Each structure stands twice: as C-alpha cells, then as structure tokens.
Amino acid sequence: MIEIILLVSSVLFIFALKLFGRPSTAHRANTFAMLAMALAVFSAFNFDFSKYDSAFYITIVVSGLLGVLISKRVQMTQMPELVGLFNGFGGGASGAIAYVELSGSSLPISVVFVAIFSMGIGMFTFSGSLVAVMKLRGKLNNFNKKLADIFSVFFPLILVIPAVLEMDELLMEFIILVALIAGVIRVAVIGGADMPVVIAFLNSLSGIAAMSAGFIVNSIILIVAGALVGASGIILTLLMCSAMNRTLRDVLKGGFGTTTINNEYEKDPISTSPEDVAIQLSYAESVVIVPGYGMAVAQAQAAVKELTNTLKDKNIEVKFAIHPVAGRMPGHMNVLLAEVDIDYEDMFTLEDINSDFSSTDVVIVLGANDVVNPLARTDEDSPIYGMPILDVDLAKQVIVLKRSMSPGYAGIANPLFINDNAKMLFADAKEGLENIIKSFELV
Amino acid sequence: MEATFLLTLLITFLASFIGYELISKIPQTLHTPLMSGSNAISGITLIAAILIYPEVGESQLLKIIILIAIAFATLNIIGGFSVTGRILEMFKKND
C-alpha cells in the first residue's frame, strides 16, 4: 500500500514539473506538487501515528502556520528574499537530519560518506541562503573580499586539521562549522546583481542535500524529489550564467565590478523632462519598456501598468523586453509585471525581441543598466564583453529613466546614455513614471 | 544489497534526467514560480525527519535537533507552496 502511494506521489511530482511549463497550467502544477508532497509525507508515517509524541505534532502545526503567515504577508518585491529564506531552511533541515543520523545510529560506511556530504551541503545552503537574504535586503554590501580570499587559500588546510589532531570527538561539529563559514563567505563576496545565479544555485544545493538525505534513510521518493529540485536549480543556474556570458565559477568567485574602470563620459548626456517624454511617447506607434532592478526597488510596477494603459488607449503598441538576469532572481521582472496584470503575452525574452528594436519608436529603460550596455558588443576589454544584451541603442529614440549617471553593477560607464538617440530622465522609477503620466493629461 | 544500491543510483539518474528535460523547456516568465515551487519540494527532507524521529532514542539533544529540522522543513514546504500559489495566482488572472 505504502509503495503504491509513493509511486503515485513520484508520478505527481514529475507531472507537476511538466505543468510548470506553461502559464495556463502552472497553477495546477502547484496543486499537483502539494498533493504529491502530502502523499509522500503521509506515507512516511506508515499508518502509525501513535509513535509520535505531542512535541512532534506541535512543532509541525506551529511551523506550518508560521509558514502560511509569513508567505501571506510578504510583498511581491520581497519575493527573492523569501524564496532564499525558505531555501535555507530546507538545506538546514537536511543538514540537521544528516547530523542526527551520523551521531545516532551505526550507518554502513558508504552511507556515512553520503551523510557527511548531505550535512556539509545542507549547512552550506543554510548559512549561504541567510547571507543571500541579508544581501538582498541591502545589508552586508561591503563585505571584505580579501578576507574571503584568505579563507579560500586556507580552506583546504582547515580540512586536514581533524586528521592531524586525530580528533574523532568533535569531527562532525567541526565539519558543520566549516560548512557554515564557507556558506557565509562564499555568498557574502558575491554582488547583489549576481543574486539570480546564487539563489538558483542554492536552490539546487538544497535539492541535492535532500536527495542525499534520501540515501541515508533509504527513501526513494526523497531521492526522486531531491534530484528533480537539484536538476531544476542547476538548469536555472546555468541559464543565468550564460545570460551574462560568465561561468558559474567566475560568479561564485565574487568581487565582480568592484574595480571601477573607464568610468568617464566624453560628453554630457541630454537630459529631458516628463513633459517632453509624454509628447515623444504620444507621437510613437511602438514602445518597448525595459524593466530592471530599479523598477523593483522603486516599487514602480503599478505606475508601469498605468503608463501602459495610457499608451494602449492611444493605440500605441507596448511591449516589455526582459533580460534573463534583470532583477534579483530568475523571472523576477515577469512576476512583478504579472502582479499588476500585465499580460505575459506582452513580455518578451531577449531572443524574441532583439530584432524588433530597430523598428521601435521609443524604448524606455526603467532602472536597468548593464543589460543594455552596447559595450558588451563592441569593447573587447570590457568586463561585460560578450554578454547578450538588449540592443535598445538601435531603436529610434531611447529614454533612460534613472536616478543618476552612476554605473551599474559592472562598474563601467554606459555609452548608451550619451548616444545621439538617447535622453536621460533623472528620477526615481516610480516618480518619473507618475510625472510622465501626469504630463499626458496636459498633452 | 548491491542490486538495490545500483537500482537506487539508476533511479537518481533517471529522476535528474527527467527533471533536466522538463525544466529546460520552461519559459522565462515562469522561472520565479518554478524556483519557488521546486524550493518548496526540497522541504521533502521532512520525510527523513519523520522516519528517524521515533528511533532517536533517549538523547534529548538529538531529539531537539530533529524537531528543529522538522520545523525548518515544514516551514519550507508550507511557506514555499503558499508563496508559489500566490505568485501563480497573478499569472492566472491574466487568462
């Protein structure tokens, strides 16, 4: 009976992933996954609920309620932090389970290695995710990269300490400590804009930790589900890396964009006013909006929707061009736009929209920078050279809505800003858009 | 014993392969709900905690550690699915 439940559960998990593939079926995917999870958890009890004391049930109920409470209260713009936080909990749980199994029962030697692996990966995921959450909240911005470099050099040395000191007693605690520190340091040196990679990578690790836990307790469903998560995380990680033309190793090394080079502009940019932008837009036939992290920071989604409505009312075509690494997690911009009811049919990926820019009348760059920097195509010495970018500089007119001329994450100047077809509207993304919308009433 | 272990490895490989194939086809628009959903699934490690909890014996420390693991995994599962549901709700109303 238990076997049949587990079989159904595994199949449901696989179908859930399949259904995640289309916007129209994705909400059913979540239901399938929940059902699969419920069956899997139920089967673990093996129809014997009396083996568990009240502390067990209270823990489940309280943390379940807490989970619902947190997830209902959080803002859409804080989604990356929340996913990171939950992810850390998953990893921590796997790590803790491995620890208990290592200290409690006598495991076969092959399983001991898997358990140590699970414990290390789980703890790394836990501390790494918590640091990622802090980074996403804007804390811990200036972590000392030198400290991390020193740590990386000494890291292999630290690992042989137990062997040298012949310590058996606290070996596991030592491994946990090292994994926790490694998680903190690895993630702390990675800059905010690389967070889509980090979050996806940690997501994958938590799956791998769960999968290894499956080997320890000999649970096929745990292995299957963990492997599915591990694979999905790896795909997203590699997608994000290739969208930046960088390797995972390079991203995890950290310190990207900390050396400021070639940060001068040959001439001053042309700045514009909300009124002029409104006039320009009202003469356009096609408009493409390129959202970036600036939109999330300013919580400008609602204003974007209002502007879109205003333009569509004037029969102007509006599209959204979304770079794969825009924002702080994979698909971040798409979620924020969906939140304000922008049709996903209007959201385009880099490959789908790049050929359209040359026939676009006005492009609005909304708090994005490096992903529209033409140096990625032209300057071989640039740190972003070779990164696929949105070719907005080919459009007839470009309006860059940005608070200042400060460089983006890569720490380099963006010649788009001084292009002949570009104008700067210096403002916070939300305020800027609202002022443009107000000006429309006067046009 | 040998055969079972090999079989388990085979299952691991197949599951990873299926996961890889299915997820490669998911459009960028759905990357956030996918991550959030798969993140919730990684809380399945709760099963391991449930399996070992009755067998932990007298040690209070180990018992507390498992209870922490249970709390973490439950938060991960329930919170994760709940958030994914919220995100997908926004895609649904577009239809």
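Two strands count as paired if DSSP finds at least two bridges between them. Helices (H or I, at least four residues) and strands (E, at least two) are themselves DSSP runs, numbered from the N terminus. With that in hand, β2(A) and β3(A) pair in the parallel sense over three bridges.

Before going on, a word on the model and its labels. This is a predicted model, where local features need pLDDT of at least 70, side-chain atom pairs count only at pLDDT 80 or more, and totals for chains, interfaces and linings use all residues. Residues are numbered from 1 along each chain as its sequence is written, while chains are lettered from A and ligands numbered from 1 in the order in which they are written.

**The sheet in chain A**

Let's stay with those strands. They belong to an open sheet of six strands with parallel pairing, in the order β3-β2-β1-β4-β5-β6 of chain A. At the edges sit β3 (347–349) and β6 (422–426) of chain A, each pairing on one side only. On average, neighbouring strands of this sheet are turned by 25 degrees against each other, direction ignored. Strands of a sheet pair through backbone hydrogen bonds, either parallel or antiparallel.

| Strand pair | Bridges | Bridge partners |
|---|---|---|
| β1 (286–291) and β2 (317–322) of chain A | four bridges | Val287(A) and Val318(A) |
| β2(A) and β3(A) | three bridges | Phe320(A) and Met347(A) |

What do β2(A), helix α14 (residues 332–339) of chain A and β3(A) make? They make a right-handed β-α-β unit. Right-handed here means that, with the strands pointing away from the viewer, the path from the first strand over the helix to the second runs clockwise.

Now for helix α5 (residues 109–136) and helix α7 (residues 171–188) of chain A. Their axes come within 7 Å and cross at roughly 40 degrees. Axes are lines fitted to C-alpha atoms, for helices over the stretch in contact, and angles run from 0 to 180 degrees between N-to-C directions. The crossing of α5(A) past α7(A) is right-handed, which means that the near helix is turned clockwise from the far one by less than a right angle.

Residues are in contact if their C-beta atoms, placed from the backbone, lie within 7 Å. Among those making this contact are Met119(A) and Phe124(A) of α5(A), along with Leu180(A) and Arg186(A) of α7(A). By class, the contact has 15 nonpolar, five polar and one charged residue. Ala, Val, Leu, Ile, Met, Phe, Trp, Tyr, Cys and Pro count as nonpolar, Asp, Glu, Lys and Arg as charged, and the others, Gly among them, as polar.

**Domains and chains**

Chain A is divided into domain 1 (74–253) and domain 2 (274–442), with bounds from an automatic or database domain assignment. Their C-alpha centres lie 35 Å apart. The contact takes 19 residues from domain 1 and 16 residues from domain 2 of chain A. On the domain 1 side, α8(A) gives the most, with four residues. That side has 15 nonpolar, four polar and no charged residues.

How many residues of chain B are in contact with chain A? There are 73, and they meet 91 residues of chain A. The largest share of the chain B side, 28 residues, comes from α4(B). Sorted by class, that side has 43 nonpolar, 25 polar and five charged residues.

Key: Contact = placed C-beta atoms within 7 Å.
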